[in-house]
Amino acid sequence: MKHVIIGAGVAGITAAKTIKEIDKNAEVVVIGDEMFFPYKRFLLTEFLCGSIKRDELIFFSMELLKELGIKLRKGEYVKTIEPSRKLIKLLHNEVVHYDKLLIATGGRPGLGLVLRPYKKHIQCYYSMNDILILKKKLPEIQKCIVFGEGVSCLDLISGLCNLEKQVTYIIKGVRADFGLKGSEFYGELHDFLEEKGVEIITEDQVASIEKMNRHYRVETLKQKELTADIVFAWDYYKPKISCIEGTVIGKKLGILVNVRLETSVEHIYAAGDCVEIYHPGIKGYWINFGLPNAFEQGTIAGKNMLGQNEEYKIHEAIAFNLMGKSLKARWWK
Ligand SMILES: Cc1cc2nc3c(=O)[nH]c(=O)nc-3n(C[C@H](O)[C@H](O)[C@H](O)COP(=O)(O)OP(=O)(O)OC[C@H]3O[C@@H](n4cnc5c(N)ncnc54)[C@H](O)[C@@H]3O)c2cc1C
């Protein structure tokens, strides 16, 4: 039986490991578009700040992959899936057949219509590649503008503060808040960030970015003019599912799955940040972002691809450490 997994992140690699641990004769191929061995994305900020070394980021080493008999094809992008012929096509048109397929392509910060024209002036903050680029720029950076939402945004801000950079945080809302629940922060995140020296501009957003010699001039929707050495910005974080375009695989914002992580197409599963799953509490589909979910869904998807019948149970919140304080964030409002 050939199991093909698209995406070498936590969900994909955990599924691969689960399959090989249960059935060592199963053929498992993981195809990931990043050039690196699977790494711990959630520790990227620690690496940026120099608190851990690059090899401590590795989630699955080459030796471990070999030992388990998992074939990793890194640096390969899956362009399309043809469920009727049980095959996928890579960017260079190579065809790979599967018996069971797992889509674990994660999510990605994205730019809306206003920010898109300024893409070349915006520093991304999601992948190892982004962080390697940023690390090189660090010595020349002091003033930073951050416009975005989500845990990775808080992580970025705490990293920049740690590095003693000056941070201006622009938010659309009245106060910085992440639907926090049962944390030391309840209702206090905004004040906490300000105490840490973060300047917060509320009810506003980045409207344009212009490069001026070695700096950037940012104009906000409310016509505030700011300058910075670097601009981090994103409008949303959403599932990266371009490989299912044109297929019959059911989707909304993410790939729709049932509690067994099966998609609408037989033999195709999905797990991790690319997935949308029914939440009985909110009576609707939601994207279950976050590391614990990616781990758990990867394990369950791996088992179910081998014919088991495990069900995934929703995690209400993810735990996160922000500058020494713990918080729990929910991903829906
Ligand atoms: C800086 C930072 C800090 C974070 N901190 C936390 C935290 O403290 N707690 C927490 O819960 N979460 C945290 N997160 C979020 C967490 O890392 C993600 O929820 C988790 O990585 C999701 O795992 P995944 O396997 O679903 O997706 P990903 O880790 O995104 O992996 C998916 C992989 O698939 C690849 N891929 C996509 N499309 C294709 C294609 N067509 N072909 C081939 N490959 C493809 C992607 O490039 C990627 O390598 C953080 C994220 C960041 C960026």
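How many nonpolar, polar and charged residues does the lining of the largest cavity have, by class? I put this to the structure first, bearing in mind that the model is predicted.

**Entry 1: cavity**

I recorded a volume of about 40 Å³ for the largest cavity. I then listed its lining: Phe147, Gly148 and Glu149, then Ile170, Ile171 and Lys172, and finally Trp234 and Asp235. Sorted by class, this lining has four nonpolar residues, one polar residue and three charged residues, which settles the opening question.

**Entry 2: cysteines**

I looked for disulfides across the whole structure and found zero. I checked cysteine 161, which is in no disulfide; the nearest cysteine sulfur belongs to cysteine 144 and is 9.0 Å away. I also checked cysteine 243, likewise in no disulfide, where the nearest cysteine sulfur is that of cysteine 274, 7.9 Å away. Is cysteine 161 buried or exposed? I noted a relative accessible area of 17% for cysteine 161, so this residue is buried, the cut-off being under 20%. Cysteine 243 has 4% relative accessibility and therefore also counts as buried.

How do strand 17 and strand 19 run, and how many bridges join them? I found that they run parallel, and that three bridges join strand 17 to strand 19 (residues 275–279). I located leucine 256 opposite glutamate 276 of strand 19.

Note on methods
Residues are numbered from 1 along each chain as its sequence is written. This is a predicted model: local features need pLDDT of at least 70, side-chain atom pairs count only at pLDDT 80 or more; totals for chains, interfaces and linings use all residues. Side-chain values use heavy atoms; hydrogens and water are left out. On a 1 Å grid over the protein atoms alone, a cavity is a set of points where a 1.4 Å probe fits but cannot get out, and a pocket is an open set with protein on both sides within 12 Å along at least five of seven lines; lining residues have an atom within 4 Å of a point. Grid points are joined across faces, edges and corners, and a volume is the space filled by probe spheres set on the points. Ala, Val, Leu, Ile, Met, Phe, Trp, Tyr, Cys and Pro count as nonpolar, Asp, Glu, Lys and Arg as charged, and the others, Gly among them, as polar. A disulfide is a pair of cysteine sulfur atoms within 2.5 Å. Buried means under 20% relative accessible area, exposed over 50%, partly exposed in between (1.4 Å probe, protein chains only). Two strands pair if DSSP finds at least two bridges between them. Helices (H or I, at least four residues) and strands (E, at least two) are DSSP runs, numbered from the N terminus.
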